[in-house]
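Hi everyone, thanks for making time today.

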Amino acid sequence: MKLLVIKLTFLCVCCYQGVAQTGKKAFQFKKGEVLDVLLVTGTKNNYKKMFDRYKKTAFPVASKFTYQPQSGFRTKKLIMGSHLPVNFIFGKWSDIKKRKEFLRVIENEVPDFHKQRKELFTYFGLAYFEVENDVNFSIYKNKFNVVTSFWKKKKDKTDFYKVWENSVKKNGGKVILKLENGESPTGYYYRPDIISIVEWETHEQFESFSKKYPLSSYARLSNVHQFQID
């Protein structure tokens with residue numbers, strides 16, 4: 001399904017900015033705000049009509065609770081894992097209290113909210129993170145950008161990520177964003193221990209790093225989901 005160039009409502013969707021013109025998408029989150037990560041695939045059946053209704057019902061409630069749509073990306077290539085969603089999207093809320101209040105009241109305000117989502121999206125994964133410090137980052141279209149989600153083995157207490165991140169930096173990668181301690185609402189579970197976005201100059205640079213430091217060699221991990229965004 002083609003990425004729609006529209007203001008997305010809470011959850012679903014993205015304002016696909018003019019990346020072709022700027023080559024960059026910039027993001028700013030202040031301490032205490034909430035950053036949503038959404039991984040979604042829209043249905044091909046009657047999408048526009050259903051999405052129009054979704055905008056009219058769910059979006060006003062989300063806006064009342066301070067939700068601000070952010071830019072999104074198309075996913076391009078599944079590197080590790082079992083599923084590649086079509087879109088990778090960010091969202092913003094003013095604070096964790098408002099984020100959780102929305103989850104508590106949305107079914108009262110829009111009784112068929114979850115039904116609409118299930119009809120609109122064949123896949124919908126969501127994790128949200130309270131921002132601990134101000135975060136400013138940019139993602140450039142002309143770079144090779146990789147999203148990696150890590151799940152640690154439950155009994156593991158070691159900092160595997162620090163070792164991996166140091167290896168990334170030594171081999172020319174740039175860590176754009178690191179998110180941890182996220183939460184997922186019931187029914188939209190996507191809760192890795194860490195989500196990381198790394199910028200590489202080229203696909204070849206990333207491939208060279210991956211051969212030297214394969215994630216499959218990290219015995220401390222129980223699962224990895226990795227894909228390219230464009």
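Let me begin with a definition: a charge sits over a ring if NZ of Lys or CZ of Arg is within 6 Å of the ring centre and within 35 degrees of the ring normal. With that in mind, have a look at Lys25, whose charged end sits over the ring of Phe73, 4.4 Å from its centre. Arg117 also has its charged end over a ring, that of Tyr188, at 4.4 Å from the centre. Tyr188 belongs to an aromatic cluster as well, and among the other members are Tyr47, Trp93 and Phe124.

Now, a step back. Please remember that this is a predicted model. Its average pLDDT is 90, and 89% of the residues score at least 70. Residues 1-21 stay under 50. Where pLDDT is low, the coordinates should not be read in detail, so let's move on from that stretch.

What does the chain consist of, in terms of helices and strands? There are 6 helices and 10 strands. Of the 230 residues, 48% are buried. If you take contacts between residues at least 6 apart in sequence, 82% of them join residues at least 24 apart.

Next, helix H5, which covers residues 160-170. Which of its residues are buried? They are Phe160, Tyr161, Trp164, Glu165, Ser167 and Val168. These residues span an arc of only 160° around the axis, so they lie on the same side of H5. Over on the other side, Lys162 and Lys170 are exposed. The buried residues of H5 are covered by, among others, helix H6 and strands S7, S8, S9 and S10. After H5 comes Gly172, with a positive phi near 95°.

Finally, back to the rings, where the count comes to 27 aromatic pairs. One of them is Phe88 with Phe227, edge-to-face, with 5.8 Å from centre to centre and 65° between the planes. Phe88 is in strand S4 and Phe227 in strand S10, 139 residues apart, so this pair links distant parts of the chain. Phe88 counts as buried because its relative accessibility is 1%, and Phe227 does so at 0%.

Technical notes: Residues are numbered from 1 along each chain as its sequence is written. This is a predicted model: local features need pLDDT of at least 70, side-chain atom pairs count only at pLDDT 80 or more; totals for chains, interfaces and linings use all residues. Side-chain values use heavy atoms; hydrogens and water are left out. Buried means under 20% relative accessible area, exposed over 50%, partly exposed in between (1.4 Å probe, protein chains only). Helices (H or I, at least four residues) and strands (E, at least two) are DSSP runs, numbered from the N terminus. The arc is that of the directions from the helix axis to the C-beta atoms. Contact means heavy atoms within 4.5 Å. pLDDT is the predictor's confidence in each residue, from 0 to 100. Rings of Phe, Tyr and Trp (its six-membered ring) pair if their centres lie within 6.5 Å; planes under 30 degrees apart count as stacked, over 60 as edge-to-face and the rest as tilted.
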